[in-house]
Amino acid sequence: MWGRFLWWVNYYGTLHRVPVIGVEPAFTTQNCSRRGQRVKKSLSMRTHLCPGCGLLLDRDHNAALNILHKALQGTVGQTGTDEGVSSNASGQPAATRRRSAAPRKQAG
Ligand SMILES: [Zn+2]
């Protein structure tokens, strides 16, 4: 099922020219998306409140920012849209997407 999901993510990424990038999912929920401080939380804790910098976000919002940062770190200068989503040590690849620049107007 996961493989099929990734297939569709890649399919629509290519179709709409949106890069699909696999990232290592470890600690994307635990780390503070502002400065990286580890903030342990159980599954039932739905908010991220960082004791270091005071950042308060929904748990998933914080995780999404961490995933985005990881994806951007790993792809400096990369512009293709058809890279495969790589799996990682845990065998559970995470995917995120990055909006490409505004669509170019066609000449004419
Ligand atoms: Zn913080």
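Biologist: Start with R17. Buried or exposed?
Modeller: R17 counts as exposed, because it has 12 C-beta neighbours inside 10 Å. Keep in mind that this is a predicted model.

Biologist: Where is the place of R17?
Modeller: R17 sits in the loop between α1 and β1.

Biologist: What about the phi of R17?
Modeller: The phi of R17 is positive, about 55°, although R17 is not a glycine. Most residues other than glycine have a negative phi.

Biologist: And F27, what is its phi?
Modeller: F27 is not a glycine, yet its phi is positive, about 65°. F27 lies in the loop between β1 and β2. F27 counts as partly exposed, since it has 14 C-beta neighbours inside 10 Å.

Biologist: Back up a bit. How many helices and strands are in the protein chain?
Modeller: The chain has two helices and four strands. Along the sequence they run α-β-β-β-α-β.

Biologist: Does α1 lie in the open or is it buried, and why?
Modeller: Largely in the open, because one of the 14 residues of α1 is buried. Its length agrees with expectation too: the end C-alpha atoms are 20 Å apart, and 14 residues at 1.5 Å a residue should span 20 Å.

Biologist: Where is N10 found?
Modeller: N10 is in helix α1, residues 2-15. N10 is partly exposed, as 18 other C-beta atoms lie within 10 Å.

Biologist: How far apart are N10 and V20?
Modeller: Ten residues in sequence, and 6.2 Å in space, C-alpha to C-alpha.

Biologist: Now the core. Which residues are in the largest nonpolar core?
Modeller: Six residues: V20, I21, V23, A63, I67 and A71. The elements that give two or more residues to this core are β1 (20-23) and α2 (59-73). In soluble globular proteins, nonpolar side chains tend to be buried together.

Biologist: Which residues of α2 are buried?
Modeller: N62, A63, N66, I67, K70 and A71.

Biologist: How far does α2 reach?
Modeller: α2 has 15 residues and reaches 21 Å from first C-alpha to last. That is close to the 21 Å expected at 1.5 Å a residue.

Biologist: Where is G74 found?
Modeller: G74 is in the loop between α2 and β4. It is partly exposed, because 13 other C-beta atoms lie within 10 Å.

Biologist: What is G74 in contact with, leaving aside neighbours within four places in sequence?
Modeller: I21 and V23. G74 and I21 are 53 residues apart in sequence, but 8.8 Å apart in space, C-alpha to C-alpha.

Biologist: What share of the contacts in the chain is between residues 24 or more positions apart?
Modeller: 61% of the contacts with a separation of 6 or more.

Biologist: And what share of the 108 residues is buried?
Modeller: Buried residues make up 18% of the 108.

Biologist: Change of topic: confidence. What pLDDT does the chain average?
Modeller: The average is 81, and 69% of the residues score at least 70.

Biologist: Where is confidence lowest and where highest?
Modeller: Strand β4 (residues 94-97) is lowest, at a mean of 56. Strand β3 (residues 56-58) is highest, at 98.

Biologist: Where does pLDDT stay under 50?
Modeller: Over residues 78-91. The model has 24 contacts beyond four places in sequence for that stretch. Where pLDDT is low, the predicted coordinates should not be read in detail.

Key. Residues are numbered from 1 along each chain as its sequence is written. This is a predicted model: local features need pLDDT of at least 70, side-chain atom pairs count only at pLDDT 80 or more; totals for chains, interfaces and linings use all residues. A nonpolar core is a set of buried Ala, Val, Leu, Ile, Met, Phe, Trp, Tyr and Cys residues joined through C-beta atoms within 7 Å. A residue is buried if 20 or more other C-beta atoms lie within 10 Å of its own, exposed if 12 or fewer, and partly exposed in between; C-beta atoms are placed from the backbone. Two residues are in contact if their C-beta atoms, placed from the backbone, lie within 7 Å. The expected span of a helix is 1.5 Å times one less than its number of residues. pLDDT is the predictor's confidence in each residue, from 0 to 100.
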